[in-house]
Amino acid sequence: KETEEVFKVKKSSYSKKIVKQLKKEYKEDLEKSKVRTEVNSPTDVEPPLEKSGQIKDIGQEDGTANSEHGEEEMEVESEKEEEKPKAGGAFSSALSSLNVLRPGEIPDAAFIHAARKKRQMARELGDFTPVDSEPGKGRLVREDENDASDDEDDDEKRRIVFTVKEKSQRQKIAEEIGIEGSDDEALVAGEQDEELSRWEQEQIRKGINIPQACIYQPAEVNNLYYQNTYQTLSYGSSYGIPYTYAAYGSSETKSQKTDNTVPFKTPSNEMTPVTIDLVKKQLKDRLDTMKELHKANRQQYEKHQQSREDSTKAIEILEGSSGGIGEQYKFLQEMRGYVQDLLECFSEKVPLINELESAMHQLYKQRASRLVQRRQDDIKDESSEFSSHSNKALMAPNLESFGRDRVIYQEQVKRRTAEREARRARRRQAREQTGKMADHLEGLSSDDEETSTDITNFNMERDRILKESSKVFEDVLESFYSIDCIKSQFEAWRSKYFASYKDAYIGLCLPKLFNPLIRLQLLIWTPLEGKCRDFETMLWFESLLFYGCEEQEQVKDDADISLLPTIVERVVLPKLTVISENIWDPFSTTQTTRMVAIVQKLVDGYPSVVNAENKNTQMLLKALLLRMRRTLDDDVFMPLYPKNILENKNSGPYLFFQRQFWSSVKLLGNFLQWYGILSNKTLQELSIDGLLNRYILMAFQNSEYGEDSIKKAQSVIACFPKQWFTNLKGDKTISQLENFCRYLVHLADTIYRNSIGCSDVEKRNAREHIKQIIKLLASIRALDHAMTVANDHNVKELKILIEGK
């Protein structure tokens, strides 16, 4: 081992006096050296081999050298030395003979021992030349500096030669006192424990202080022998020349490399001098570093602070919003449960409401049908009674030969006749009491009187239906059948969460939701009766009148604004359709006037009713037309009698004829009350073509030509709407009235012919009748016919008559 080749000296083997003597001799030996070899000079001789015999490549790390108790590395050279004369005398010549190593070759133990002997001889002869350029600088410093430059020029191709390390202090002392290499074992045994302990402490110290250079305290022997030597050197001489190892033959100094793992450190007097400026600079640099760090930390702190504030605000916002959402969720869940319960309730109650409504409609329909059937039976009975062509077979064509059914039929006819005459007598008596007898004409009154039995049965059935209707929601809480309670629920939803209210299309669902409740309140509502209440004064209408009309600005296309019109369209119009089709009697002037009034009110006040595309409106108008056509086909009857029969004005046929004529004129007036609601084309088709030209003109032709005919013509013309003739251009009236105009012309001619040969009074009366006919023609804008009559009968006041129409 390498440690066996190093001379060790025990402290206990020598006295202090001997140690001082050895130190003195060593100092004198150093002063004798007159030739100094520069390490980096190309003329340097090859350094002598050290007696330690420890060899190491320059490119290797010195970590292992530090771990071998003061083991020193050998320097590597890459270039050959130029042969120049060197100082040193016999030592140099002896040393040159040893330079037989090839580059990269490691010397053996024999070679090292020979080198050690020759070095000792050179020292004794006085030819020893220290390798250090300065005596105050130790070998350890050179080794540290050499370590810094090991790794820098690896890519340079250079020769590497091995140099022998310089002897350690113990080796030098051992040589001075004359201890040979064979005595190394005696020295090693004494110092082995001490060196091992110091080596372990050094390794521990290096492990702890890895980032910094380990501070190595030299051995006590080294401090003992070199303390005086270092103190004699000046401070500047220790730091005058930087020491680096370089390859022989190179003129440039290699860069130094500091290795943190170096266990040895230069003595304190070789450190960089500490000055105030240096301290200030270090403090300033440290202050700048701390300021930069503080600035970075400050920015990071501000960033985290801002993030914290943003997070706090987000939490507050989310907490606030979550609170509202939670309340909204709770409210909507409650509304959902309420609506589900409401719909379940309606699913059970709506069929009952439909049954009650159907029962009530059926009750009114039966009464109306009974009255219509009675009128038709009366007309049939009177027509059979006063017909000159009637016989028993015609009166009862389905009677048996035994006559049993004939008797029953005759009894029914007698009963109906007695009832009919009794009703007429009561109406006549009522007119006499009111003073309307003079203006009344037979056939203008509506025979809608009922018997007490029919009235009682009707009222009983109606009361039963009303009683059943009051029990529909008797087992239900008020919040599920009261319109006010239901409305308040949806009003709260609308006012709190309008967005979700609108998204759920509640405005479109409310009319259907309120439909059964409103129909239940309209169960006995019949606008044909005089005591019927206006639907706009009912509770449901007043409750829903201001729904959705808050003080805030209305939203565009808000369905709640049209809530009432929609309910009227979906509830009132269907009910009016049923009434028009099954209950309304077009022969009744009173019912027709009330029906026209309610429909006109809907047309004027509810725009959804006016819309021609509205299905409910179309169904209502279609029901009205169907009912009028059915009446025109089934109920109108105009008897035809010879004129000789009609001459007797007190006879039954004459009275029956007059009654039927005036009932037809009344029906004509009832039809024409629908002007403004039904189209002109439809009205003209029903009233003029279907009634006037088909029935009334037939009666005119069978009537006597005189004042009575003029009076009837005036009544017919009075039924026509004046708007029909206002915008007519030319001298002709509407085409459907041509037949009626020709009849008036014929009537004027007949009156004139009948007046020929009569007295002057009768002639003046006839002339006055002709003038009235001209006025009638002018009133319906038949100016061509009026001029014809005036020219035929020399009437010069035509202009006055036309303007005074």
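## Close-up views of a predicted model

S588 is buried, with a relative accessible area of 4%; buried means under 20%, exposed over 50% and partly exposed in between, using a 1.4 Å probe and protein chains only. The model is predicted, so local features need pLDDT of at least 70 and side-chain atom pairs count only at pLDDT 80 or more, while totals for chains, interfaces and linings use all residues. Residues are numbered from 1 along each chain as its sequence is written, and side-chain values use heavy atoms, with hydrogens and water left out.

**View A. The surroundings of S588.** S588 is found in the loop between α18 (563–582) and α19 (589–605). Helices here are DSSP runs (H or I, at least four residues), as are strands (E, at least two), and they are numbered from the N terminus. Leaving aside residues up to four places away in sequence, S588 touches S446 and N670; contact means heavy atoms within 4.5 Å.

View B. E195 and R198 join their side chains in a salt bridge, 2.0 Å from N to O. A salt bridge is a side-chain nitrogen of Lys or Arg within 4 Å of a carboxyl oxygen of Asp or Glu, and the structure holds 26 of them. Both residues belong to helix α7 (residues 184–208), where they are three residues apart, about one turn of the helix. Are they buried or exposed? E195 is buried, at 8% relative accessible area, and R198 also counts as buried, at 17%.

**View C. A network of salt bridges.** R367, R370, E450, D454 and E529 are linked by salt bridges into a network. One of its pairs is E529 with R367, at 3.1 Å from N to O. This pair links distant parts of the chain, 162 residues apart: E529 is in the loop between α16 (506–521) and α17 (539–544), and R367 is in helix α10 (residues 276–386). E529 is buried, with a relative accessible area of 18%, and R367 is buried, with a value of 18%. The side chains of E450 and R370 also meet in a salt bridge, at 3.1 Å from N to O. E450 lies in the loop between α12 (404–434) and α13 (452–470) and R370 lies in helix α10, so the pair ties together parts that are 80 residues apart in sequence. R370 is partly exposed, with a relative accessible area of 33%.

**View D. A tilted ring pair.** Rings of Phe, Tyr and Trp (its six-membered ring) pair if their centres lie within 6.5 Å; planes under 30 degrees apart count as stacked, over 60 as edge-to-face and the rest as tilted. By this rule there are 21 aromatic pairs. F637 and F656 have ring centres 6.2 Å apart and planes at 40°, so the pair is tilted. F637 sits in the loop between α21 (615–634) and α22 (643–646), and F656 in helix α23 (residues 652–672), 19 residues apart. F637 is partly exposed at 30% relative accessible area, whereas F656 is buried at 0%.

View E. F661 and W662 form an edge-to-face pair, with 5.3 Å between centres and 80° between planes. F661 counts as buried at 0% relative accessibility, and W662 counts as buried at 6%. Ring pairs join F661, W662, F700, Y705, F740 and Y743 into a cluster. The charged end of K712 sits over the ring of F661, 4.5 Å from its centre; this term requires NZ of Lys or CZ of Arg within 6 Å of the ring centre and within 35 degrees of the ring normal. K601 lies over the face of F535, 5.5 Å from the ring centre.
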